Amino acid sequence: MITGKMFRDGVISGANNIANSRQAVDALNIFPVPDGDTGTNMSMTIASAAEDIKNLSDDVTIGEVSKKVASGLLRGARGNSGVILSLIFRGFSKVFKGLDVAGGKDIARAFRAGSDAAYKAVMKPTEGTILTVVRCAAEAAEQMAEINDEPIEVCVAALEAAKEALASTPDLLPVLKKAGVVDAGGQGFLLILKGMESVLGNDVIIRPIGDEALADETDGKAQSSQENLKYNYAVEFVIHKKNGAKESSIEKLLAYLEALGDGVKVSEDNGVICVKVNTDAPGTVLTTGAKYGEMYDLSIVNMKAPEKQEAVEKEESVPVEPEKDYGFVCVCAGDGLTELFSDLGADVVVSGGQTMNPSTDDISRAVLSVGAKTVFVLPNNKNIIMAAQMARDEIKDREVVVLETKTIPQGIAAMLTFDESEEAQANAENMMQVALKTQTASVTFAARDSEFDGKPIQKGQIMGLCNGAIKFIGEDKEQIALDSCCEMFNPDENSLITVIYGEGMTEDDASRLEAMLGEKLGDSAEISVVNGGQPVYYYIISVE
């Protein structure tokens with residue numbers, strides 16, 4: 001039988017196992033745009049649960065453990081992959097509810113409940129993803145339970161089926177096969193299952209390694225030093241120097257980075273430069289690094305968002321009684337965008353976006369801090385919508401309306417459309433109708449080597465995206481922005497262009513782009529420029 005202690009240790013082991021391979025899972029993401037990568041989101045999600053259960057006694061029941069695991073995963077869920085993971089374990093908790101221990105048939109029913117919950121949450125389930133992996137695991141568990149209901153045998157059957165399903169994901173999704181990788185979410189789930197199997201089969205908890213081990217072994221010291229961190233982001237990358245690079249002196253790079261942060265390390269060996277820096281301006285760091293050559297192995301980590309700090313914030317969070325009719329919670333990154341959404345009426349702006357997806361609990365606490373009977377939540381990113389919906393479903397003392405805004409321009413357009421005299425449902429429909437008509441161009445860098453229209457994209461190259469699809473690659477940010485904007489602009493349908501320039505870009509850069517757009521489009525478009533200060537994206541352009 002599987003006891004509560006075994007399940008507790010298994011979840012901790014699974015959390016450690018995916019944390020140890022987090023970057024490897026991130027690297028499986030085939031789309032080159034820098035985002036809240038799958039390995040990071042899944043690791044942070046299950047780490048929240050592991051933190052909640054680590055001090056439970058050895059005589060705890062499996063029902064009690066699974067309930068705490070489901071709760072921790074729900075609160076810590078980040079990104080779509082994290083939400084799906086939390087739903088799988090919520091299915092486990094429903095089956096294990098009230099049980100002291102679990103037998104083989106219970107394990108099989110838990111996998112089935114987890115699979116069903118995950119599939120139901122996705123509007124258009126896609127095979128060749130984590131959904132396929134958990135479904136095949138459930139099917140194998142059910143088949144084994146009918147033959148041999150020994151719990152360990154059922155778990156091993158599920159694990160082996162998950163391995164086979166993961167290996168088959170490239171055959172189900174052509175984009176994976178073309179890239180020569182398996183599905184990142186499926187790989188993350190398999191790593192968690194392997195960590196759990198290590199405990200259930202061998203009574204061995206997989207230990208964290210590297211930076212994770214340091215944090216684990218120096219728990220108190222790590223928290224203390226973390227509270228005193230001066231900068232938000234730890235940025236690391238490697239530069240392969242190339243002939244004709246704008247800069248060559250690493251002493252100059254070192255001096256510049258020391259002005260942007262601390263913990264700076266810059267070393268060079270045979271034309272390869274290794275860079276580390278803690279900073280509040282990751283975009284500026286990357287822009288500067290690109291002057292020296294091609295950038296590889298990029299990592300940006302938010303150092304001020306660990307589980308323990310979040311736990312303190314949760315304890316201090318007190319829901320505000322609803323008084324006014326309407327309130328707004330918006331998600332964005334960048335001081336300029338934060339100020340803009342606040343000016344448009346946002347009561348709370350949750351810091352987050354492409355590279356740092358906020359958790360379900362971040363969004364829940366933001367909603368509960370708004371004293372309104374109806375709170376509109378604008379995720380402004382497709383990878384945050386499911387977390388917002390999870391938060392909505394958990395809040396019972398007020399109405400929460402999640403507007404499925406996928407970009408910053410969509411969020412801005414929705415906020416501008418709000419009419420206080422209208423009912424909530426009418427407002428939601430009108431706001432989304434305008435949002436969906438708003439087109440978004442964006443300019444960023446390639447986070448990994450990839451392919452575009454049959455041509456290779458090199459890590460670090462500038463990319464222009466039109467409504468999320470890569471359309472242009474090159475080296476000139478303003479030219480790429482111009483091309484991307486003009487690709488979408490139709491003078492018969494559009495008349496307003498808003499250029500939002502990000503971290504590392506100057507007002508002069510934005511003015512150059514404004515002049516280029518004016519010359520290209522003439523009087524057919526009204527152009528405005530906003531300093532958004534957003535990381536990752538050099539430009540975000542709204543076409544209305």
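Which residues in helix 5 meet which residues in helix 10? That was my opening question for this model, which is a predicted one.

**Entry 1: helix 5 with helix 10**

I looked up the contact and found L85, I88 and F89 on the helix 5 side, meeting F189, I192 and M196 of helix 10. Sorted by class, this contact has six nonpolar residues, no polar ones and no charged ones. Next I checked the geometry: the two axes come within 12 Å and cross at roughly 40 degrees. That makes helix 5 oblique to helix 10.

**Entry 2: helix 3 with helix 5**

I then turned to helix 3, residues 38-53. Helix 3 packs with helix 5 at an angle of about 40 degrees, and their axes are 7 Å apart. I noted their crossing as right-handed. From helix 3, the contact takes T38, N41, M42, T45 and I46, while helix 5 brings G79, S81, G82 and L85. The class count here is three nonpolar, six polar and no charged.

**Entry 3: helix 3 with helix 10**

What is the angle between helix 3 and helix 10? I got about 35 degrees, with the axes 9 Å apart. This crossing is right-handed. On helix 3 I listed T38, M42 and I46; they meet A184, G185, G188, F189 and I192 of helix 10. Those residues divide into five nonpolar, three polar and no charged.

**Entry 4: cavities**

Rolling a probe the size of a water molecule over the atoms shows where empty space is left. I found four cavities of 30 Å³ or more. The largest cavity holds about 180 Å³ of space. It is lined by 14 residues, and the closest to its centre are F111, C155, L193, M196 and L200. M196 was already in my notes from the contact of helix 5 with helix 10.

Which elements give two or more residues to that lining? I wrote down helix 5 (79-96), helix 6 (104-121), helix 8 (151-172) and helix 10 (184-202). Helix 10 provides the largest share, four residues. By class, I have 13 nonpolar residues in the lining, no polar ones and one charged.

Terms used: Residues numbered from 1 in each chain as written. Predicted model: local features only at pLDDT ≥ 70, side-chain atom pairs only at ≥ 80, totals over all residues. Heavy atoms only, no water. 1 Å grid on protein atoms, 1.4 Å probe; cavity = no way out; pocket = protein on both sides within 12 Å on 5 of 7 lines; lining within 4 Å. Points joined across faces, edges and corners; volume = space filled by probe spheres on them. Nonpolar A, V, L, I, M, F, W, Y, C, P; charged D, E, K, R; others polar. Axes fitted to C-alpha atoms, helices over the stretch in contact; angles between N-to-C directions. Left-handed = near helix turned anticlockwise from the far one by under 90°. Contact = heavy atoms within 4.5 Å. Parallel < 35°, antiparallel > 145°, perpendicular 65-115°, else oblique.
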